[in-house]
Amino acid sequence: MSCHDARESLSAFLDEALAPDERQRVAQHLEDCSECRRELARLEQTVALLHRLEPARAPVGFVDAVTAAARPRPWYRRVAAAVFLPFSVKLPAEATALVMVALLAVYVFERTPALRESARTQPEVREDPREKTVRPAPRGLTDRFARDPSSAERSPESKARPLEKEQDRREVPTTRKRIQSETEIPKQEAPAAAAPRSDAAPPVAAPPAAKDEGPLEKSQAENRQAPAPPSAEGTRPAPAAPASPRLAAKRAAPSADAVTGIAVRDRDAAERDLAELIARVGGRETGRRREQDATIVEAVVPQPRYAEFTQSLARLGAWRVEAERPDLPAQVHVILRLQ
Amino acid sequence: MREAEAGDAPRFLDRLRAGETAAFEELVITYQHRVFGVAVRMLGNAAEAQEVAQEAFLRAHRALADFRGDAKLSTWLYAITSRLCLNRLAKGERRLRRQGEETLLRLAGGERPDVAVERSELEAALQRAIAELPEERRIVVVLRDLEGLSYEEIAEVLDLELGTVRSRLHRARADLKDKLERFLP
């Protein structure tokens, strides 16, 4: 056996991985060849060095990572992965698409008057009817009537907007007519006529919902003294002449939970006191209207303190509850007439 | 250095084939260091090695139902891991720069590279020498001298003739002997 052949087998010889006859031949060669013996020793030492290497260890948490990855993913994760992965590609694309859709929506909105109009009316539908106030020339009503002069003449059904609730439909036009007449705004026909008033008026006033009309509304209707011919289905014609302040207070807020009249000596002082009183019981004033012989104040008072509120009214003057809902809501909408 | 081969018990294989989660977890616990060890010695980078080791287990998980048990589980896992490593090295799918020596030192000692270097210059030289071997020789020497597989097992893992294993191993050791000359007595 040559040195070359022997050295080719030295590694296997070291590992005892040679067949017996081959092993025998290599062993015999090694007995006679010191160079090959030296080579075998070097190989053996090299392998010994390799064995000194510490075994590598998998990092902490490796098992958890593998078992978690092996678990079948729930369907929503698979969908999310399909939608979003790879992030580097899909997220920028989706973000761009989102921005473009948003821009398109703004563009369409700006170019479509009908959309703008419905956007303007939507918040009114959501408002708590009790918090709405009736004022002279309120912005919402003014705008609406100003934009659509013919609406005052339409039938109640035709005036109802698609977004308004079904129960609103009956009452909305009636209320509008009433407000118009009581606030002495002739017909709100021209936008120019509406503008100055709407600037001064706070952004309130929406037609109250019919659902809030309880016994109080009925009693108000019964007590109404103005020449109002009977009408069917709650549609009341607008009075031709301005109503008295008392009547105005009742009519102006058909959704009020209570109407109270107070006879005062000094209206200015009483108004101030009343404002203080409302604030003290944690309520808030939602509207105020000065008329020739009375001041109509609307306020929302928390029901738990409503009793305290009414009792404290005695400080202002002789007061009388003219109407009051038997089951008061959490926020009592009260109309106060100072005269 | 080697964990017990209890993982090849027939009952355990049945549980694995049945897709029992606990059995798979047991498999990972048993073989994690061996699979990771091969990957990190071959790739020279811990992050990459972890990725490959995890992929090896996931592939095994998917194929467990079809595992016939002809080979030992360890041999089968080594085969999957070796193939993944060699494929990655051959295709150049290496997103992370090879940091061979430093990473391997960190792995071996669990220390910062500078500390590790101080601790063992020999170890650094060993790592460098292994990393510099051609891949087909490196895998053989890793499986034989670091993982302790027999020639037959290596032939099975790498799907090679026994003679090829012998000759590659001899070449690898001869290369290492030359590179590590100064550490030999």
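Residues are numbered from 1 along each chain as its sequence is written, and chains are lettered from A, ligands numbered from 1, in the order in which they are written. In this predicted model local features need pLDDT of at least 70, side-chain atom pairs count only at pLDDT 80 or more, and totals for chains, interfaces and linings use all residues.

**View 1. Chain A as a whole.** Chain A holds 15 helices and five strands. Helices (H or I, at least four residues) and strands (E, at least two) are DSSP runs, numbered from the N terminus. Of the 339 residues in chain A, 31% are buried. Buried means that 20 or more other C-beta atoms lie within 10 Å of the residue's own; exposed means 12 or fewer, and partly exposed lies in between, with C-beta atoms placed from the backbone. Among contacts in chain A with a separation of 6 or more, 76% join residues 24 or more positions apart. A contact requires C-beta atoms, placed from the backbone, within 7 Å.

**View 2. Confidence along chain A.** The pLDDT, the predictor's confidence in each residue from 0 to 100, averages 70 in chain A. At least 70 is reached by 60% of the residues. Helix 3 of chain A has the highest mean, at 93, and helix 11 (residues 191–200) of chain A the lowest, at 43. Residues 132–243 of chain A lie below 50, yet this stretch has 160 contacts in the model beyond near neighbours in sequence. Residues 249–253 of chain A also stay under 50, with 18 contacts beyond four places in sequence. Where pLDDT is low, the predicted coordinates should not be read in detail.

**View 3. The five-stranded sheet of chain A.** The sheet is open, with mixed pairing and strand order 2-3-5-1-4. Strands pair if DSSP finds at least two bridges between them. Strand 2 (284–290) and strand 4 (318–324) of chain A are the edge strands, each pairing on one side only. Neighbouring strands are turned by 20 degrees against each other on average, direction ignored. Axes here are lines fitted to C-alpha atoms, for helices over the stretch in contact, and angles run from 0 to 180 degrees between N-to-C directions.

**View 4. Strand 3 of chain A and its partners.** Strand 3 (residues 295–302) of chain A pairs antiparallel with strand 2 of chain A over six bridges. A hairpin of four residues connects these two strands. Arg289(A) has Ile296(A) as its bridge partner, and Glu285(A) stands opposite Ala299(A). Strand 5 (residues 331–338) of chain A also runs antiparallel to strand 3 of chain A, joined by eight bridges. There, Ala299(A) is the bridge partner of Val334(A). Seven of the eight residues of strand 3 of chain A are buried, so this strand is largely enclosed by the rest of the structure.

**View 5. Helix 1 of chain A.** Buried residues of helix 1 (residues 3–14) of chain A include Arg7(A), Leu10(A) and Phe13(A). Their cover includes helix 2 (20–32) and helix 3 (34–51) of chain A, together with helix 10 of chain B. Glu16(A) follows helix 1 of chain A, with a positive phi near 55 degrees.

**View 6. The contact between chains A and B.** Chain B contributes 35 residues and chain A 27 residues. On the chain B side, helix 2 of chain B gives the most, with 10 residues. By class, that side has 20 nonpolar, eight polar and seven charged residues. Ala, Val, Leu, Ile, Met, Phe, Trp, Tyr, Cys and Pro count as nonpolar, Asp, Glu, Lys and Arg as charged, and the others, Gly among them, as polar.

Key. Contact = placed C-beta atoms within 7 Å.
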